[in-house]
Protein chains: 2
Amino acid sequence: MENLADSLREKLKDKGYKLTPQRRAILDAIIENQGKHLNTEEIYNVVKEKCPEIGLATVYRTLQLLDDMSMISRLNIDDGCMRYELNTDENEHQHHHLICEVCNDIIEVELDLLGYLEKEIEKKYNFIIKDRKVKFFGVCSKCR
Amino acid sequence: MENLADSLREKLKDKGYKLTPQRRAILDAIIENQGKHLNTEEIYNVVKEKCPEIGLATVYRTLQLLDDMSMISRLNIDDGCMRYELNTDENEHQHHHLICEVCNDIIEVELDLLGYLEKEIEKKYNFIIKDRKVKFFGVCSKCR
DNA sequence: TATATACTTGAAAAGCATTATTATTTGAGA
DNA sequence: TCTCAAATAATAATGCTTTTCAAGTATATA
């Protein structure tokens with residue numbers, strides 16, 4: 001997965017941002033924990049292993065920057081903090097989330113199947129849909 | 001809409017909660033502003049007109065109570081605060097939300113059309129779906 | 001190479017929505 | 001009316017996030 005890290009670093013530099021050790025460490029932490037939907041504090045703790053002197057504010061700042069650049073996405077599970085996930089080419093397309101109310105695991109769903117609903121909404125409500133957030137709450141296969 | 005207020009008051013008393021003037025005022029405020037998706041601060045300001053001595057903490061407490069009793073539902077638009085909507089018999093069934101990125105208006109969508117997607121998810125992921133939150137972001141008819 | 005300029009950072013303070021605490025008040029049944 | 005658990009107002013505390021600011025670092029320019 002070396003190419004992913006490289007391409008993200010390139011993306012940063014292309015936009016005129018400096019690739020500091022802190023930003024590099026935060027990017028690495030997110031890449032290494034892909035699929036885990038870590039929150040800011042958790043990312044901070046991972047990053048501190050390689051970069052012990054980093055400040056929490058830098059993590060918040062960098063996550064905001066990466067979100068603005070669409071390199072990561074926010075995910076709000078209503079658990080009191082913001083979680084993040086990597087935007088890869090594969091999950092660039094819409095995907096939904098299953099949230100297990102028992103173990104709090106977050107599962108990504110590749111199935112989309114919202115096309116018809118969206119077309120109906122755009123027609124009936126004359127509303128231009130640009131983004132969607134779809135979350136299902138319930139019990140996952142491990143907890144049933 | 002007198003019956004709605006009455007039935008909600010009954011519901012409170014049936015569960016052993018006292019019908020205080022504060023709770024009555026908060027219920028009335030939510031009923032009178034049905035469809036507006038007010039946040040806690042906004043509800044507080046409406047309630048203060050009829051009940052000026054009320055404290056903000058009481059509003060938070062009561063909204064939590066009403067949510068626990070499924071008389072209202074939380075709606076998180078990621079705008080930094082929690083919003084609420086009344087659970088009437090009509091909207092008891094699932095409904096989604098359109099959020100206009102221009103005027104920030106929130107439109108309720110009666111169309112459901114999620115049945116097939118949910119069945120596929122339950123089958124493919126062995127996940128029992130108990131609730132869902134679906135939000136579409138874009139531009140509403142008034143702003144296009 | 002020296003220097004000006006803009007960008008980053010860590011630490012600490014501030015912001016903001018929400019929750020907990022506590023002393024006081026109140027609703028509703030005996 | 002009296003009693004007492006429940007509810008309240010005021011305020012402090014909490015937790016996540018953003019801002020401030022002084023200091024450090026990198027990049028461009030002369």
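Guide: Asn104(B) counts as exposed because its relative accessibility is 57%, and the term is used for values over 50%. The model is a predicted one, and every value here is computed from it. Asn104(B) sits in the loop that connects S3 with strand S4 (106-109) of chain B, and its phi is positive, at about 65°, although the residue is not a glycine. A positive phi is also found at Leu113(B), which is likewise not a glycine and whose phi is near 60°. Leu113(B) belongs to the loop between S4 and H5 of chain B, and with a relative accessibility of 41% it counts as partly exposed, because that class covers values between 20% and 50%.

In soluble globular proteins, nonpolar side chains tend to be buried together. The largest nonpolar core here has 26 residues, and those that touch the most other members are Ile121(A), Phe136(A), Ile121(B) and Phe136(B). Both chains supply this core: strand S3 (96-100), helix H5 (115-125) and strand S5 (128-139) of chain A, together with the elements of chain B that bear those names and residue ranges, each provide at least two of its residues. Phe136(A) shows how the chains meet, for once its neighbours within four places in sequence are set aside, it is in contact with His97(A), Leu98(A) and Ile99(A) in chain A, and with Leu114(B), Leu117(B), Glu118(B), Ile121(B), Phe127(B), Ile129(B), Asp131(B) and Arg132(B) in chain B.

Chain A has 5 helices and 5 strands, which follow one another from the N terminus as α-α-α-α-β-β-β-β-α-β. Its C-alpha trace spans about 50 × 40 × 30 Å along the principal axes, and 46% of its 144 residues are buried. Of the contacts in chain A between residues at least 6 apart in sequence, 47% join residues at least 24 apart.

Among the helices of chain A, H2 (residues 21-32) packs against H4 (residues 56-68) at an angle of about 70°, with 10 Å between the axes. H2(A) is therefore roughly perpendicular to H4(A), a description that covers angles from 65 to 115 degrees. The crossing of H2(A) past H4(A) is right-handed. On the H2(A) side the meeting residues are Gln22(A), Arg23(A), Ile26(A), Leu27(A) and Ile30(A), and on the H4(A) side they are Thr58(A), Val59(A), Thr62(A), Leu63(A), Leu65(A) and Leu66(A). Sorted by class, this contact contains 7 nonpolar, 3 polar and 1 charged residues.

H2(A) also meets helix H3 (residues 40-50) of chain A, where the axes come within 9 Å and cross at roughly 120°. Ala25(A), Ile26(A), Ala29(A), Ile30(A) and Glu32(A) of H2(A) meet Ile43(A), Val46(A), Val47(A) and Lys50(A) of H3(A), and by class the contact has 7 nonpolar, no polar and 2 charged residues.

Thr40(A), in helix H3 of chain A, is buried because its relative accessible area is 4%, where under 20% is required. Apart from neighbours within four places in sequence, Thr40(A) is in contact with Leu56(A), Val59(A), Tyr60(A), Leu63(A), Met82(A) and Tyr84(A). Ile72(A), in strand S1 (residues 72-76) of chain A, counts as buried at 1% relative accessibility. With neighbours within four places again left aside, Ile72(A) is in contact with Ile30(A), Leu63(A), Leu66(A), Asp67(A), Tyr84(A), Glu85(A), Leu86(A) and Asn87(A). Asn87(A) is 15 residues from Ile72(A) along the chain, and their C-alpha atoms are 4.9 Å apart.

Between the C-alpha atoms of Lys142(A) and Glu10(A), which are 132 residues apart along the chain, the separation is 39 Å.

Notes. Residues numbered from 1 in each chain as written. Chains lettered and ligands numbered in written order. Predicted model: local features only at pLDDT ≥ 70, side-chain atom pairs only at ≥ 80, totals over all residues. Heavy atoms only, no water. Axes fitted to C-alpha atoms, helices over the stretch in contact; angles between N-to-C directions. Helix = DSSP H or I, 4+ residues; strand = E, 2+ residues; numbered from the N terminus. Parallel < 35°, antiparallel > 145°, perpendicular 65-115°, else oblique. Left-handed = near helix turned anticlockwise from the far one by under 90°. Contact = heavy atoms within 4.5 Å. Nonpolar A, V, L, I, M, F, W, Y, C, P; charged D, E, K, R; others polar. Core = buried A, V, L, I, M, F, W, Y, C linked by side-chain atoms within 4.5 Å. Buried < 20%, exposed > 50% of the residue type's maximum accessible area, 1.4 Å probe, protein only.
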